[in-house]
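Me: I would like to learn how to read a structure like this one, feature by feature. Where should we start?

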Amino acid sequence: MPPKRIADAAGRAAIVEALAPAPSRDATATAVRYLLQLLADSAEGNTVEIRVPPFGAVQAIQGPRHTRGTPPNVIEMDAATWLGLATGSLAWADAVAAGSIAASGTRADLTDYLPIAVPSA
């Protein structure tokens, strides 16, 4: 059974709270999952697995089909890095240079997909 989709209004509210000082764990988790959901929607595919432990992971981006085990292209980062990248306050190159992203594989680059456009009201 696929994970329950996060409604746009709830996702937008969680992003606002997650970006504020001292966000709740629930707001951070919802914001991370919502932005991963939007990435998966806009970059359909299963060539790259994007992981933001402990909150979520998705497979996205068109390319060679992966069916078993860990995909050949994996990107992993913490929640703060993901929120910064997805909302445009952090550039991919800066996060990589700072060592905030662990990426493996030839397609493990989200530059063309960030920041993520959040649906408006």
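Reply: Start with the elements: helices (H or I, at least four residues) and strands (E, at least two) are DSSP runs, numbered from the N terminus. By that rule, Ala-22 lies in the loop between helix 1 and helix 2. This is a predicted model, in which local features need pLDDT of at least 70 and side-chain atom pairs count only at pLDDT 80 or more, while totals for chains, interfaces and linings use all residues. Residues are numbered from 1 along each chain as its sequence is written, and side-chain values use heavy atoms, with hydrogens and water left out.

Me: How many helices and strands does the chain have, and in what order do the elements run?

Reply: There are 4 helices and 4 strands. From the N terminus, the order is α-α-β-β-β-α-α-β.

Me: Why does the radius of gyration agree with a compact globule?

Reply: The radius is taken over C-alpha atoms, and the globule rule is 2.2 Å times the number of residues to the power 0.38. For 121 residues a compact globule would come near 14 Å, and the chain has 14 Å, so the two agree. The C-alpha trace spans about 35 × 35 × 25 Å along its principal axes.

Me: What share of the residues is buried?

Reply: Buried means under 20% relative accessible area, exposed over 50%, and partly exposed in between (1.4 Å probe, protein chains only). Of the 121 residues, 39% count as buried. Contact means heavy atoms within 4.5 Å. Among contacts between residues at least 6 apart in sequence, 55% join residues at least 24 apart.

Me: Why does the span of helix 2 agree with its number of residues?

Reply: The expected span of a helix is 1.5 Å times one less than its number of residues. Helix 2 (residues 25–42) has 18 residues and should therefore span 26 Å; its end C-alpha atoms are 26 Å apart, which agrees.

Me: Which residues of helix 2 are buried, and what covers them?

Reply: Among the buried ones are Ala-27, Val-32, Tyr-34, Leu-35 and Gln-37. The cover of the buried residues includes helix 1 (8–19), strand 1 (48–52), strand 2 (56–60) and helix 3 (79–87).

Me: Is Gln-59 buried, partly exposed or exposed?

Reply: Gln-59 is in strand 2. Its relative accessibility is 29%, so Gln-59 counts as partly exposed. Gln-59 and Asn-73 are 14 residues apart in sequence, with their C-alpha atoms 9.6 Å apart in space.

Me: What should I look for in the backbone?

Reply: Most residues other than glycine have a negative phi, and most peptide bonds are trans. Ala-22, not a glycine, has a positive phi of about 50°. At 77% relative accessibility, Ala-22 counts as exposed. Ile-61 also has a positive phi, near 75°, in a residue other than glycine. Ile-61 is found in the loop between strand 2 and strand 3 (73–77), and at 6% relative accessibility Ile-61 counts as buried.

Me: Which residues are joined by cis peptide bonds?

Reply: Pro-54 is in the loop between strand 1 and strand 2. Another cis bond joins Leu-114 and Pro-115, with omega about -5°. Pro-115 is in the segment after strand 4 (101–104).
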